[in-house]
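Please open the model in a viewer and keep the selection panel at hand. The stops below proceed from one selection to the next.

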Amino acid sequence: MLTSQHVIVEYRDGRAWPDRLERKRHAHYTGYAERMLAIYRTGIGRERRALHRDVEMLFAEEPDCPVRRIRAFSKLLDEASTYQADPKGEASRLRLRVFEAAAPRHPLVRQKDRLFEHTESEVKAAIAADLGRQWDEIDARLYADVMAFQRLESFQGYPSAVALLSRYNVAQLQACLYAAERITVRATRDLKTILRYAKLARLLHEVRRTGPSEYVMDFSGPASVLRETRRYGVAFARFLPALLACRGWRLTAVLRTPWRTRAVLNLSDRDRYTSALPPPEEFDSTVEEGFARKFGPERDGWRLSRESEVLVDRQTAFVPDFVFRHEDGTAVLFEIVGFWTPEYLAKKREVLRRFRGRNILLAVPERSLREGAQADKNVVVYRTAIKLEPVLEALETVRLRQGRRG
Amino acid sequence: MQPNGEGPVRLEFDRGTLLLRGLAGEAVRALASADVWTWDGRVGAWRCDAIHYAGVGETLAATLGSAWRDEVPKALPVRWPKVALPPLRPEQVEALAAWRNAGRRGQVIMPTGTGKTEVALAAMAETATATLVVAPIRDLLYQWHRRILKVLGYDAGIVGDSLHNLQPVTVTTYDSAYIHMGEIGARFGLIVFDEEHHLPGPCRREAALMCTAPMRLGLTATPERSDGRHADLGHLVGPVVYQMPLSQARGRTLADYEVFRVPVALTEAEQDTYEACSREVRRFVAARRRERPGYSWKDLCAESGADPAARKAQKAYYLKASIEDRAAEKLRVLEDLFRLHAGQRTIVFAGSNVMAMEVSRRFLAPTILSHTRKRERLAVLEGFASGRFPVLVANRVLDEGVDVPEAKVAVVIGGQSSTRQAKQRLGRILRRTGNVRAVLYEVVCEATKEVERSRARRRSDAYEPTRHRRV
């Protein structure tokens, strides 16, 4: 990830516009990207600062290129590189040896006189002779461990020039979020993935339903309720690539500008940023996929939709695999329990207990049942694939029960 | 969602904040600490910053007696393997007593070199509780570690400098404290902020807010900040409990000192480039100002992305600064100063890593740079202290508080300096040792920006009087 020293954001009319290279306006950047990759690919053994200088020189006559953009490119290229790090501290040992040898002869003067008889050139030549090396070689290695002087060992690189430019665009977007105080995601699809990755980034959520399968999710951190803080900006940035891989969302981030005013960043899946992550899998398992295919979009008056409802109880969020909606308005949530560990099953039970007021139908694999256990009314047991009849039966039972009540 | 009175009353630590559960709204509003609490519907509990821990605990006990559970982790008591404090001087005793009388919460302001660290170590010795020491840079981190080991016999943990070794007594940096306080904020009874003027920044202050430690000690020579935020130290650390002005310290605890300014000329080639660069910047800015009278350096930077001419002007400006920083003549002057003070330990402050390495490679003198690793750092400092190394070259990392034993001669050969930096630099060479007068040389390029900075610096009282010397 970039640091705040690389970030380029334009704040205009209360909105934030992170730097972005566009396919049309920056078409010539593909050429730059190819040449940058070439500098690193052919740069094995060269010093970091030489590589950075070459990258900078590429842009010397380019009218459209801020210094920060150049430095950001160097940073992203370095992230895909391995430099010789001098792990054994050879440079450090060499320094101490040389300085200790020189110390009794301090000061090393240019011209001898009666008081000071150690000239720089003689002392350096003597130390070089002691170490059995040329002085120039010693001089070159003396500070070889300093970042700028480290040599490129290998370059993993990026798959293509376009991939480097995409990575740049996402990196600027992430860096822009370092200044964010809170973010809001409005989503209609991939709800489970969004909530799961927000949780992995240790964000707290507030979820509101705003449509049949549209949710508004506010993300922030513990202290956000006490004061505006940029403390969770890095967490937002970490969460972003997962969001970019999803579909059907809009994001609004409230940022604190360097002038201590506020600005808003708007973003959606239509902005077509390329995430380094693959899009979420359509189905979590083949059992799910098989069932969805067998059932079809609608059957016996029940419409099937996937991961379209979120159940929330404070910081516990639960997105059942499917929702059945009947023409008469009855809705039944359907969760397929896979072959998992006892801990997973226990956790699932606890989550379900929280939402026991809702119509939840479970599909449980036979071997996950404890021996001799009697399955509840709302449980459908399956061996390898879920059959349709027991599910439809259970759905009707719920509908009739509901009908009697209503 | 409405606050409710369900379940037992519980106080918890949650990533730098406190959560209060099981109390209904009216009950919370009746607490003496009512104004610190905010209802957090996301988790269904009352929330406040961890800094309020001591006060909140008292008010809950006063209102509820023992009908609540304090689930905030407790600071562990610490047993020091030994206590070998040096005898405290009267002003140190006074400072410690003032802090103790203020309920062990407050700031001690003492000039550099008057033993702030000993005051803190004495405070740690008598409180004997889990302690977090926060220092500005990693040199100071290791220095605190050494001092705690030497005086209290305790091998403190280090969080920062890519280490994460958490112990009941731990030293860390402001940046690491900001990052990690959410996780470690409930482990300490005492928190010490060394060079506390670093604390009130918009982010770093959160390190103080997110920590439960009831006992707090802030140390600095120079609390003032140009942004006025030092006023917040009262809330973050506590009131000023002891203050000792620099003029009082001078000549008493500190050695007497002299400041010499040594002007150097640029070589002809440097001068030519310097002037060419100056002309380029001037010409560019003048042309812009014909159209936009208020055109500034900031505008130039903003334009540099879209305009190669602005970028060239920007580069010319940086080249000028680099010529000043690395003027060849400075190395010659340095040779003269080394001759003049042969046999006296001398420390050289460079304005950049590059210049520090240049000095080191010319004179084969050891350096302390920001990336210098612990082992080498110790070897160099120890070698300098024992006299094995007559010269030490440092970049700005040594600016504050780092112990450099008994240096009597300091040479500043570059670096932007605010008043505070100048004071800190003086403090480095002003430690009382015998009757030898300390000397500070400032080597500045003639007729450049450096001279102006030096003049501005001399206006602060620490630098009076200054004499000029031609070497």
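**A tour of chain B**

Select residues 10-14 and 17-21 of chain B: these are strands β1 and β2, which run antiparallel and are joined by five bridges. The model is a predicted one. Within this pair, display the side chains of B:Leu11 and B:Leu20; B:Leu11, in strand β1, stands opposite B:Leu20 in β2(B).

Five strands of chain B form an open sheet with mixed pairing, in the order β3-β4-β2-β1-β5. Its edges are β3 (38-40) and β5 (69-70) of chain B, each of which pairs on one side only.

Now turn to the helices. Select residues 90-101 and 116-127 of chain B, which are helices α3 and α4. Their axes lie 10 Å apart, and the helices pack at an angle of about 45°. Because angles under 35 degrees count as roughly parallel and those of 65 to 115 as roughly perpendicular, α3(B) and α4(B) are oblique to each other. The crossing of α3(B) and α4(B) is right-handed.

Which residues of α3(B) and α4(B) meet? Show B:Gln92, B:Ala95, B:Leu96 and B:Trp99 on the α3(B) side, and B:Glu118, B:Val119, B:Ala122 and B:Ala123 on the α4(B) side. The residues of this contact comprise six nonpolar, one polar and one charged.

Finally, select the whole of chain B. The chain contains 17 helices and 20 strands. Of its 471 residues, 47% are buried. Among contacts in chain B between residues at least 6 apart in sequence, 75% link residues at least 24 apart.

Definitions and conventions
Residues numbered from 1 in each chain as written. Chains lettered and ligands numbered in written order. Predicted model: local features only at pLDDT ≥ 70, side-chain atom pairs only at ≥ 80, totals over all residues. Pairing = 2+ DSSP bridges. Helix = DSSP H or I, 4+ residues; strand = E, 2+ residues; numbered from the N terminus. Axes fitted to C-alpha atoms, helices over the stretch in contact; angles between N-to-C directions. Parallel < 35°, antiparallel > 145°, perpendicular 65-115°, else oblique. Left-handed = near helix turned anticlockwise from the far one by under 90°. Contact = placed C-beta atoms within 7 Å. Nonpolar A, V, L, I, M, F, W, Y, C, P; charged D, E, K, R; others polar. Buried ≥ 20, exposed ≤ 12 C-beta atoms within 10 Å, placed from the backbone.
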